[in-house]
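Thanks for making time this morning. I would like to walk you through one structure, going from its sheets to its helices and then to a few individual residues.

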Amino acid sequence: MKASSVLLIYTGGTIGMVHDGVSGSLIPFDLRHIYDVMPELKRLPVTIDFVSLDVPIDSSDVTPAVWERLAGIIEVNYPDFDGFVVMHGTDTMAYTASALSFMLENLGKPVILTGSQLPLGTLRTDARENLITAVEIAASLANDAPRLPEVAVYFESKLMRGNRTTKYSTENFDAFDSPNHPVLAEAGIHILYNSTAILQEPAGPFTVHRRMSDRVGVLPVFPGISPDLVSGVLGVESLEAVILQTYGSGNIPRQDWLLNALEAAVHRGVAVVNVTQCSRGFVEQGLYENSRRLTGLGVIGGADMTLEAALAKTMHLLALGCRSEAFHRAMTASLRGELSPV
């Protein structure tokens with residue numbers, strides 16, 4: 001059996017912070033010294049190499065340009081490694097995982113995002129276990145082939161599909177959830193893989209789509225939402241799509257001005273995608289009266305996609321040039337396992 005190789009990619013975030021020996025303040029550590037900080041990694045039967053963004057960033061500063069940089073790093077190094085681990089801040093990790101899942105078409109190797117709630121340099125840090133297990137999973141082979149051909153998030157003993165993941169806690173070590181899809185693996189004494197939940201090996205060639213459109217907006221519905229706010233979002237001249245966050249199974253206030261505003265946006269070519277504000281469950285337009293008219297207006301039901309997945313998928317499809325019916329068909333099809341079967 002051949003030895004595995006993993007590329008560790010550091011973007012920034014809490015997981016890479018250690019105490020400065022002079023000031024005692026938390027500072028980003030140099031990946032070249034990771035074996036000094038985490039000698040446990042030497043015990044893994046894995047060859048590890050390292051690369052970092054030129055300037056590590058807080059994950060709140062993540063932009064599509066950062067996703068393009070990460071996709072490019074993976075593309076260039078894809079032939080040389082069995083898996084990839086992206087060290088990432090937690091605030092936007094689910095967005096990055098969703099984006100990479102669409103940007104990396106026909107991915108046949110693991111791309112595991114992980115981070116921590118406490119810095120690596122603190123006493124009770126969760127960074128060590130998260131990073132060690134993420135590397136072990138990224139290096140895992142079955143019949144000399146990578147075991148996990150998809151983008152995933154590993155956090156606090158759970159491996160989750162990247163585009164099914166959302167951050168739900170700022171306090172718990174168990175900070176991420178996969179509300180509408182089973183976990184891909186659980187790490188206890190042994191790492192137990194859920195083979196029926198993992199994507200199948202792709203048939204086509206690995207292709208990287210680096211571009212993502214930024215002509216997308218998010219419009220959450222709430223009691224008291226005003227016409228001025230809605231028109232302000234939908235009226236943005238460059239807008240090509242909007243993610244509409246609705247109540248329950250896809251409901252909105254049954255007010256003519258709101259329905260008319262959505263209809264006008266769709267009429268001028270803005271794609272409207274309906275996702276629920278609930279953490280679990282489906283959008284089912286027409287199940288209740290307050291969502292019945294949305295389908296007729298041309299609003300696209302987002303089924304059980306997370307906000308992060310719906311946003312990333314929309315940005316990806318627009319960058320590919322998908323519009324109108326082509327966009328509708330692609331949005332309602334499961335491209336990377338982001339949707340459950342109807």
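Predicted model: local features only at pLDDT ≥ 70, side-chain atom pairs only at ≥ 80, totals over all residues.

Let me start with a question: how many bridges join β5 to strand β7, and do these strands run parallel or antiparallel? Four bridges join β5 to β7, residues 111-114, and the two strands run parallel.

Residues are numbered from 1 along each chain as its sequence is written, and side-chain values use heavy atoms, with hydrogens and water left out.

When I say strand or helix, I mean DSSP runs numbered from the N terminus, with helices being H or I over at least four residues and strands being E over at least two. Two strands pair if DSSP finds at least two bridges between them.

Is β5 itself enclosed or open to the outside? Five of the five residues of this strand, residues 83-87, are buried, so β5 is largely enclosed by the rest of the structure, where buried means under 20% relative accessible area, exposed means over 50%, and partly exposed is in between, with a 1.4 Å probe and protein chains only. Both faces are covered, since Gly 83, Val 85 and Met 87 on one side and Phe 84 and Val 86 on the other are all buried.

Now to the sheet around β5. An open sheet of eight strands has the order β4-β1-β5-β7-β10-β11-β14-β15, with mixed pairing. Its edge strands are β4 (46-52) and β15 (191-193), each of which pairs on one side only. Neighbouring strands in this sheet are turned by 25° against each other on average, direction ignored, with axes taken as lines fitted to C-alpha atoms, for helices over the stretch in contact, and angles running from 0 to 180 degrees between N-to-C directions. An antiparallel pair in this sheet is formed by β10 (residues 151-155) and β11 (residues 158-161), over four bridges, and Ala 152 stands opposite Arg 161 in β11.

There is also an open sheet of four strands, in the order β17-β18-β19-β20, with parallel pairing. The edges are β17 (216-220) and β20 (300-301), and each of these pairs on one side only. Strands β18 (residues 241-246) and β19 (residues 271-276) run parallel and are joined by six bridges. Helix α8, residues 307-320, lies across β17, β18 and β19 and runs at about 165° to β18, with contact meaning heavy atoms within 4.5 Å.

Turning to the helices, α2 lies across β1, β4, β5 and β7, running at about 155° to β1. How do α2 and α3 pack, and at what angle? Helix α2 (residues 64-77) and helix α3 (residues 93-103) pack at an angle of about 55°, with their axes 10 Å apart. That makes α2 oblique to α3, given that angles under 35 degrees count as roughly parallel, over 145 as roughly antiparallel, 65 to 115 as roughly perpendicular and the rest as oblique. The residues that meet include Trp 67 and Leu 70 in α2, and Tyr 95 and Leu 100 in α3.

Helices α5 (residues 227-234) and α6 (residues 256-267) pack at about 5°, with axes 10 Å apart, and are therefore roughly parallel to each other.

Finally, some individual residues. Most residues other than glycine have a negative phi. Asp 144, although not a glycine, has a positive phi of about 65°; this residue sits in the loop between β8 (141-142) and β9 (145-146) and is partly exposed at 43% relative accessibility. Glu 156, likewise not a glycine, has a positive phi of about 50°, lies in the loop between β10 and β11, and is partly exposed at 29%.

As for cysteines, a search of the whole structure finds zero disulfides, a disulfide being a pair of cysteine sulfur atoms within 2.5 Å. Cys 278 is partly exposed, with a relative accessible area of 41%, whereas Cys 322 counts as buried at 18%.
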